[in-house]
Amino acid sequence: MENKNNPPDMVNRIVYLLSRPWVLGAALVFVFTPSVKISEALESGAEFLRIDTDARAGAMSSAGAASAMGVSAISYNPAGLASLKHGEAALSHSALYLGTAHDFAGAGFSMPGSAGWKLGLSFARLSSGSMEGRTASRSRTGGYSAYDQAATVAIARKYGRYSLGGAVKYIESSIAGVKGTGYAVDMGVQRSLIGIPVSVGVAVQNLGPGIKYISQRDQLPLSVSAGIMYMPVAGFMLNLDARRYVYDKYTTYSVGTEYALYGGPGTMTGLSLRGGMNGGAGQNAASAFSAGAGIRLMNADLDYAMSPEGTLGS
């Protein structure tokens, strides 16, 4: 007798494969592998893609593979976009060195009639302002400007305890009128465990052919990250992340905490304190710590973060 049942849905098959323990185990082995030659000895460009776009995650030393949620998750683990319950918008501004600024704008919402799919859009730009040009003999040649920017489209969906997400980004870099362009793909998965207040997450970011400048191509900062989020008591969250930069051949580690003095998820008002510590190759003690705070008022969040950068400032 012919079986008239429909073949297994492709997405359900993917969820099943990702739920196997060996998938997470393989990711953790890769992330924690010491700095050996996993890929070609190439250093990456497009450094602006490493800059925090969310003050909440930035205050926790970028630990967000398992805890990133809402539209801000686009830059850390697109699977976190699946946590959206209603439309969201986010804006951030970071003041860096010598007048350089980093800005981010994002929006996320449920796709109508899509059975739970969420859509996120974001735009990030690093502006260096006007810089003074010099010849080899140190004489002035006028000024020039430089910028880097990326536009991203992301989608995500929940499947039981799993959240799956992906993103595609267009990248553009310009200095003194010379432009380079490229594209990249991000992928991620998050899962809440049964019986204990723990979530895990894995993300692959900046997977692409690189940015091409005329005849030269720079690799993107391809990374694989894995994280664990643990809530021992209500209102207190602990994050642990490890991120492997493939082309740069080093691993960074981040520990972040968040404590809700009052309020919390689902409330209209609240106040949270955050802190973080990171380490890895070339890390110095002066830049290992970060801190911040967040205020929620009328269901709107205002977050602030400070990340010292050693002798260069904050």
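1. A quick definition before anything else: a residue counts as buried when its relative accessible area is under 20%, and as exposed when that figure is over 50%, with partly exposed in between. Keep in mind, too, that you're looking at a predicted model.

2. On to the charged pairs. The structure has eight salt bridges, and I'll walk you through a few of them.

3. Have a look at K169 and D186, which form a salt bridge with their closest N and O atoms 3.0 Å apart. K169 sits in strand β5 (residues 162-175) and D186 in strand β6 (residues 178-192), so this pair, 17 residues apart, links distant parts of the chain. D186 has a relative accessible area of 1%, so it counts as buried. K169 is buried as well, at 10% relative accessibility.

4. Next, E258 and R56: their side chains meet in a salt bridge, 3.1 Å from N to O. E258 is buried at a relative accessible area of 11%, and R56 is buried at 13%.

5. Where does D301 stand, buried or partly exposed? At 47% relative accessibility, D301 counts as partly exposed. D301 forms a salt bridge with R296, and the closest N and O atoms are 2.8 Å apart.

Notes:
Residues numbered from 1 in each chain as written. Predicted model: local features only at pLDDT ≥ 70, side-chain atom pairs only at ≥ 80, totals over all residues. Heavy atoms only, no water. Salt bridge = Lys/Arg side-chain N within 4 Å of Asp/Glu carboxyl O. Buried < 20%, exposed > 50% of the residue type's maximum accessible area, 1.4 Å probe, protein only. Helix = DSSP H or I, 4+ residues; strand = E, 2+ residues; numbered from the N terminus.
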